[in-house]
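Open the structure in your viewer and keep the selection tool handy.

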Amino acid sequence: MTNHRISLWGAPGSGKTTFLAALPIAMMRNKRDWALVAKDDASGVRLASLTAQLVREREFPKMTNQLEVLDYVLLGPPRVRRRGWFFRRATVTEPAHVDLSIFDLPGGAFGNSPTSDLIDDLTASHGLLFLFDPIREFQSGDSFDYFYGVLSRLAQRVMASDASSARLPHRLAVCITKFDDPRVLNTAERLNLIATDPDDSHQGPRVSSDAAEELFRSLCTVSASGNADMLLRGIRQFFRPEQVRFFATSAIGFYIDQRRQAYDSEDFQNIIPMKEGHRIRGSVQPINVLEPILWLADQPAADVK
């Protein structure tokens, strides 16, 4: 059994709570036999409530206003591993069993003066999942405000115990949220980054992990503050290249007509504008919500697309 701790991180309103709510939906819609099981009542009740908001009430969860530590077990298909050295090496089959602790923190906690408790949590984490909301960045331009302060404090803490490298030991999954928004999708189309997933029966558009960094770079150029270009530079400064992967994600996915059961490029928006906020129009079809979690949990490449 492998123990991992993963922390979600991003500006206020970047979609951390909605991402959590969509995770069990992504697992149930996934064809690779993964399941998420709560380790305690509080974690189970919280996630069930969030997920019900998306699926039954078709509402987005409210922003997190306090620290929540959610503990789960990620269960998956058996894995074949090689153990031992030289002539004593043996092939063993182990069940994929990952302890997953998710620290869902208020976005404001990631400002220029993050608390010591927050830095403690991030330091103890194996993987960091950074949510970048390109629509919010276009409107507010504050992603860097919730990025550099955390990383500089985290690097200071890590170097205090190990000064051998200026780069952090963590894996970093950069998730570009709201891929279902026409402005984000159109940017990916303009850059010729769109592909289809052969495992997706609806044949909706996707951006592969290899191409998602280019999408991230392009979206950073339309920052309201002009500071988003420093995000990529900061990522390269603080993390090893092989420890970083980009994902184009959507918690709710594209609208799928229930009769045709196919993506329609002329009618794909899955949200309905309301007087206050938005409502979800159709079924929730998460895009690249499970994949960054599996990658951060160090699952085999064949399991992460």
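On this tour, a contact means that heavy atoms lie within 4.5 Å. Please keep in mind that the model is predicted.

**Stop one: V289.** Select V289, in the loop between β11 (278-280) and α9 (290-296). Is V289 buried or exposed? V289 is buried, because its relative accessible area is 0%, and the cut-off for buried is under 20%. Now show its neighbours: leaving aside residues up to four places away in sequence, V289 touches F19, A22, L23, A26, S250 and A251.

**Stop two: the largest pocket.** This pocket has a volume of about 990 Å³. To find its centre, select G13, F60, D133, K178 and H278, the closest to that point of the 40 lining residues. Then colour α1 (16-29), α4 (134-139) and α6 (182-190), each of which supplies at least two residues of the lining. The largest share, four residues, comes from α1. Coloured by class, the lining shows 14 nonpolar, 16 polar and ten charged residues.

**Stop three: the second largest pocket.** Here there is about 720 Å³ of space. Select D197, D200, R206, P286 and E291, which are the closest to the centre among 31 lining residues. Two or more lining residues come from each of α1, β7 (194-196), β8 (205-207), α7 (209-219) and α9. By class, this lining divides into twelve nonpolar, nine polar and ten charged residues.

Notes: Residues numbered from 1 in each chain as written. Predicted model: local features only at pLDDT ≥ 70, side-chain atom pairs only at ≥ 80, totals over all residues. Heavy atoms only, no water. Buried < 20%, exposed > 50% of the residue type's maximum accessible area, 1.4 Å probe, protein only. 1 Å grid on protein atoms, 1.4 Å probe; cavity = no way out; pocket = protein on both sides within 12 Å on 5 of 7 lines; lining within 4 Å. Points joined across faces, edges and corners; volume = space filled by probe spheres on them. Nonpolar A, V, L, I, M, F, W, Y, C, P; charged D, E, K, R; others polar.
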